[in-house]
Amino acid sequence: MSHTPHELAEEFPGSVDLIHRLKLEDAHFLKLSEQYHEINRAIHRAETLVEPVSEDHEVELRRKRLALKDEIARLLKDAVT
């Protein structure tokens, strides 16, 4: 499979070390990051037609990914303040 875009390290390039630390220290953050990774991979498989899905399903996956990304961004921000 080709490079999967939108990985957390790409979305938050200045927070790679913090992401790693929070995954180790915060079970909620770890769960969110795992969910994000799972949905992001599903979107990539749909986009590359490895596992085609309906347009509605792909839109729903994108909405879920965005909600997870927003929550992760909030937790990252809270961790540095």
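Buried means under 20% relative accessible area, exposed over 50%, and partly exposed in between (1.4 Å probe, protein chains only). This is a predicted model, in which local features need pLDDT of at least 70 and side-chain atom pairs count only at pLDDT 80 or more, while totals for chains, interfaces and linings use all residues. Residues are numbered from 1 along each chain as its sequence is written, and side-chain values use heavy atoms, with hydrogens and water left out.

**View 1. Val16 sits in helix H2.** Helices here are DSSP runs (H or I, at least four residues; strands are E, at least two), numbered from the N terminus. With a relative accessible area of 40%, Val16 is partly exposed. Its C-alpha atom is 19 Å from that of Leu66, 50 residues away along the chain.

**View 2. Arg65 is buried without a salt bridge.** A salt bridge needs a side-chain nitrogen of Lys or Arg within 4 Å of a carboxyl oxygen of Asp or Glu. For Arg65, the nearest side chain of opposite charge is Glu47, 5.2 Å away; Lys and Arg count as positive, Asp and Glu as negative, and His and the chain ends are not counted. Arg65 belongs to helix H4 (residues 55-80). Leaving aside neighbours within four places in sequence, its contacts (heavy atoms within 4.5 Å) are His6, Tyr36, Ile39, Asn40 and Ile43.

**View 3. Lys69 and Glu11 form a salt bridge.** Their closest N and O atoms are 2.4 Å apart. The pair ties together distant parts of the chain, with Lys69 in helix H4 and Glu11 in helix H1 (residues 8-11), 58 residues apart. Lys69 is partly exposed at 25% relative accessible area, and Glu11 is partly exposed at 22%.

**View 4. Glu58 and Arg62 pair up within helix H4.** Here the closest N and O atoms of the salt bridge are 2.9 Å apart. The two residues are four positions apart, about one turn of the helix. Glu58 counts as buried at 18% relative accessibility, whereas Arg62 is partly exposed at 32%. Both also belong to a network of salt bridges with Glu47.

**View 5. Arg74 and Glu71 meet in a salt bridge.** The N to O distance is 2.7 Å. These residues lie about one helical turn apart because they are three residues apart in helix H4. Arg74 is partly exposed, with a relative accessible area of 39%, and Glu71 is partly exposed at 23%.
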